[in-house]
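User: I am new to this structure and would like to learn how to read it. Could you take me through a few features in turn?

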There are 2 protein chains.
Amino acid sequence: MPEPFDGADASTREALLLSAREAFAERGFDAASVRTITAGAGANLGAITYHFGSKRALYDAVVDGAVGPLADRLTALIAEPRPALERVAAVVRTMFEYFDAHPDTPRLLLQELANGRMLPDAALRHMGRLFAALTTLVSEGQAEGTMRPGEPRLMALTIIAHPVHANLFRSVLRDIAGVDLAEAPVRARVIANAEAFVRGGLAVWPEEGGA
Amino acid sequence: MPEPFDGADASTREALLLSAREAFAERGFDAASVRTITAGAGANLGAITYHFGSKRALYDAVVDGAVGPLADRLTALIAEPRPALERVAAVVRTMFEYFDAHPDTPRLLLQELANGRMLPDAALRHMGRLFAALTTLVSEGQAEGTMRPGEPRLMALTIIAHPVHANLFRSVLRDIAGVDLAEAPVRARVIANAEAFVRGGLAVWPEEGGA
DNA sequence: GGGCTATTCATACATACGTATGAAACAGAG
DNA sequence: CTCTGTTTCATACGTATGTATGAATAGCCC
């Protein structure tokens, strides 16, 4: 159960968002009860209804607040004037770093997917623009002659698959493979490996020449 | 809601497993109610308690039945005497094919992960032996001189990340990227891209020579 | 065909849930 | 100080859930 937040500096609304994010990521939408969330926020049982209208609306706000900043950072990074493969590696690294700072994000994202429900509209829009940026990035890399030919949409997908997967399977990795992403040196090696993997998977092979 | 199965040829126990697998994958553990599952199996409300003891035990059996066969097929494939990179590509292809035949498997797998709960022991064991086989496969590839250096455990992880990710984000891919894995030609191109990606990400680069 | 075990069935129970309601407390303006 | 709009609070309601219970039924060996 989340620790009650101090009601003095944080408004009830913010405290609810914080507590809800923790609870949803920890236990899923269904299992995270309104009572747990409000208690964790040090707020009254009715606070969610008052401030957000419903539990679902609160969830949408939480997911939006988790995915939006990540998509912002990544799209900004992709827009930088650097070689495409460097930007790809930076995307991978940034995703790992973001997930490390906010370990609840991948779980938050995947819960509704795993449950077969639709993601909140806002989250879908964030993912849509991120995906579009990645696709453009791949096209630019192909135009540069540094990325192998192939459908940019499909290749864009490969860029984010590994970071998401690794962070999602965090606990399984630790228990089964003995790879603990919480340890900084381990995480550094995982990130380095992921970068090398994605570069290798997308780059033009030397023997295949420029185009 | 699942369609009731014929109670004649299928035992109640099997019908429960089938209906539960569908319901759990469709709606998640919490949202799939005992009443929905038993109705879908054409069985009585008490059937789950009688045959499995509890809803959770039924879930464990379902997950075990979903992950076990996949791990079996993959480990058998990995044991074949072929070049490592070919076996890696075969693993990727087989995972896509399995997920195509059983689209509920990745969701089933990831639900509890996403919820931060522990996977059933049986599922963890299956994943453990699959992971061990993949790690060995990478080591063999490195010994062959066909795979780049790096930690086999981390590289093994990259092999399965993309298939799992692609199949998990199936609906998002369709809605956002216009990539529908249900269409056979699209799926073929996705698989080909995934194979190329994983090969490129794991292989030794020509300029880097043999060792 | 009688008796036994395995299974199915209808129903009851306690509990946890999300939301609604209306009163209370509060803050700020005039 | 009083009024007004906002926010908090305790509580109630209806519903859905997983499981327990004990009677009814079916299959089967001897």
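User: How are chain A and chain B related?

Analyst: Two copies of a chain are related by a rotation about an axis and a shift along it. In this predicted model, chain B can be laid on chain A with an RMSD of 0.1 Å by a turn of 180° and a shift of 0.0 Å along the axis. The two copies are therefore related as by a two-fold rotation axis, and in chain B the C-alpha nearest that axis belongs to B:Gly201, 2.1 Å from it. Because 100% of the interface residues of chain B are also interface residues in chain A, the copies meet through the same surface.

User: Which residues of helix 7 of chain A are buried?

Analyst: An α-helix has 3.6 residues a turn, so residues three or four places apart point the same way. In helix 7 of chain A, the buried residues include A:Ala123, A:His126, A:Met127, A:Leu130, A:Phe131 and A:Leu134. Their cover includes helix 4, helix 5 and helix 8 of chain A, together with helix 9 of chain B. Just after helix 7 of chain A, A:Gly145 takes a positive phi of about 90°.

User: Which residues are closest to DNA strand D?

Analyst: DNA strand D is surrounded by 16 residues, of which the closest are A:Thr12, B:Ser33, B:Val34, B:Ser54 and B:Lys55. The residues of this surface divide into six nonpolar, seven polar and three charged. Helix 3 of chain A, with helix 2 and helix 4 of chain B, each supply at least two residues of the surface.

Technical notes: Residues are numbered from 1 along each chain as its sequence is written. Chains are lettered from A and ligands numbered from 1 in the order in which they are written. This is a predicted model: local features need pLDDT of at least 70, side-chain atom pairs count only at pLDDT 80 or more; totals for chains, interfaces and linings use all residues. Copies are superposed by least squares on the C-alpha atoms of residues with pLDDT of at least 70 in both. Two residues are in contact if their C-beta atoms, placed from the backbone, lie within 7 Å. A residue is near a molecule or strand if its C-beta atom, placed from the backbone, lies within 6 Å of it. Helices (H or I, at least four residues) and strands (E, at least two) are DSSP runs, numbered from the N terminus. Ala, Val, Leu, Ile, Met, Phe, Trp, Tyr, Cys and Pro count as nonpolar, Asp, Glu, Lys and Arg as charged, and the others, Gly among them, as polar. A residue is buried if 20 or more other C-beta atoms lie within 10 Å of its own, exposed if 12 or fewer, and partly exposed in between; C-beta atoms are placed from the backbone.
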